[in-house]
Amino acid sequence: MHKLSLFLLFQFFFCWGISLGQSKVTLGVDSAEVIISKHIYGHFAEHLGRCIYDGIYVGEDNKTVAHTNGVRNDVIEALKKLNIPNLRWPGGCFADTYHWKDGIGPKAERPSIVNNWWGGVTEDNSFGTHDFLNMCELLGTEPYLAGNIGSGEVQELADWVQYVNFDGKSPMSDLRRENGRDKPWKVKFWGVGNEAWGCGGNMLPEYYADLYRKYATFMADWDNSGGLFRIASGANVDDYNWTETLMKKIPKNLVSGVALHHYANVQWNKKGSATKYSDEEYFKTMKSAWRMEELVAKHSAIMDKYDPQKRIALVVDEWGGWYEVEEGTNPGFLYQQNTMRDAMIAGVTLNVFNNHAERVRMANLAQTVNVLQAVILTEKDRMLLTPTYHVMEMYKVHQDAKLIPVKIESVDFVYGEEKLPAVSSSASLDKEGKLHISLVNIDDTKSNKVDIDLGRKDLKLAQARILRSDNLRDYNSFDKPDLIQPSILKDLEVNSGQLSLTLPPFSVVVLELN
Ligand code: AHR
């Protein structure tokens, strides 16, 4: 028997399980037109638990962790490697309680704020507008500021825009200069409130649409670049009436994006442990993650009715897995570990976004450090990268590349009477002509063989990377921070435009061809 076949057989029987399904992925290379916006790969950092304070920001006087202006150097370095395109701040629910003027000027003189959404802790406002925007410059990422329309006034938000964006002489730009920053930061992305249907004010969609019109009107484009990208607070999961109302009532010239929030979990009121979950809980979480496909399709269809040219983006500015907090941690801090289940959520969700790139042009994983489906966890001077980090890093090849439509015929991932597609995929062609295919097998019991029809005969495999682990519930801990990390998948061959590979159970693979 040929050496390669023997190798594959060995992998199949002894390493990755004994049950093999057959799936097919067909690439429409000739139809690659739409760009996958890099902004789909955005992140979210809220004043919540240990995300900002003690996660990203340790303070200028900290002597135990290396930092730049109080921001951890190790976190900066790790985030830079993800090429994060945008970062949403300061919330979330916190945004509609946040008064930005309390976070500027000498730190010792800043008033405090009680973070009543998240743990009831008193914050000293030492991480404010300058700190965040300067950090974005360090990261090479675009800031996405979420404005307060729940408890803040129109003038307050209008002033914030002027403070950060106006180059000329004005009360707010003078104040900015007094605080040590001459040139404006030119912030493009602005959220007009957050979850207005809930923590942002418990509003009805009609009321929010009116309020949106008013606030958006006074958020002037101070540098006249035509560049303000205003994002309306979007629907909670499947509240299609919310999207319909906003699309109907908000004039197109006032809005560039409409948001959507959806978290993957077992059950909203019974979220279960982040690490000790049953097989049933795993299946339910995958079902919830796959639901993103339906949500994006249905919200997009409503948007299509009012905006057939797709000028308005669907912005999924909160997504990720949400479980119970780790034992012994503050329930309001939403600190959770991150296993291979989270890698599956990330892989499937990003494939959904890529495949809907025409309408989904921005998204934000919740949240960056120490909160929910974090890419980074910190503990004193230690830091680790989660499996989710590695998926984001592997998938960064799709940023601003041309989407290649894929036809996926997947075997089923079966649990009891229920089933889901086991294999998810997306593909793109970058500016240098490199073709990337990302594949996920969410089945935790079966390897799945995938036959890929590349649609071109001239392609050669340049690299194949895989993220897998021996156990689904594995995670990177502070004692074993590198247990899960990408490795090279060897011995794959392309034969006249055809490539076959075996995806181990609960694995993510990214192929590069040119
Ligand atoms: O990401 C955590 C919280 O989830 C956000 O603050 C809120 O917008 C959402 O409900």
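Predicted model: local features only at pLDDT ≥ 70, side-chain atom pairs only at ≥ 80, totals over all residues.
## Ligand contacts

A polar contact here is a pair of N or O atoms within 3.5 Å; within protein, one must be able to donate a hydrogen and the other to accept it, and residues adjacent in sequence count only if both atoms are side-chain atoms.

Residues are numbered from 1 along each chain as its sequence is written, and side-chain values use heavy atoms, with hydrogens and water left out.

Back at the ligand, E46 has a side-chain N or O atom 2.7 Å from a ligand oxygen atom, and a polar side-chain atom of Y263 also lies 2.7 Å from an oxygen atom of the ligand. E46, C93, E195, Y263 and E318 come nearest among the 13 residues around the ligand (a heavy atom within 4 Å).

## Aromatic pairs

Searching the whole structure turns up 21 aromatic pairs (ring centres of Phe, Tyr and Trp, the last by its six-membered ring, within 6.5 Å; planes under 30 degrees apart are stacked, over 60 edge-to-face, the rest tilted). Take W89 and Y98: their ring centres are 5.6 Å apart and their planes sit at 70°, so this pair is edge-to-face.

W89 is buried, at 0% relative accessible area, and Y98 counts as buried too, at 3% (buried is under 20%, exposed over 50%, partly exposed in between, with a 1.4 Å probe and protein chains only). Both belong to one aromatic cluster, whose members include Y53, Y57, F94 and W100.

## Charges over rings

K271 lies over the face of W268, 4.1 Å from the ring centre (NZ of Lys or CZ of Arg within 6 Å of the centre and within 35 degrees of the ring normal). R341 does likewise over Y323, at 3.9 Å from the ring centre.
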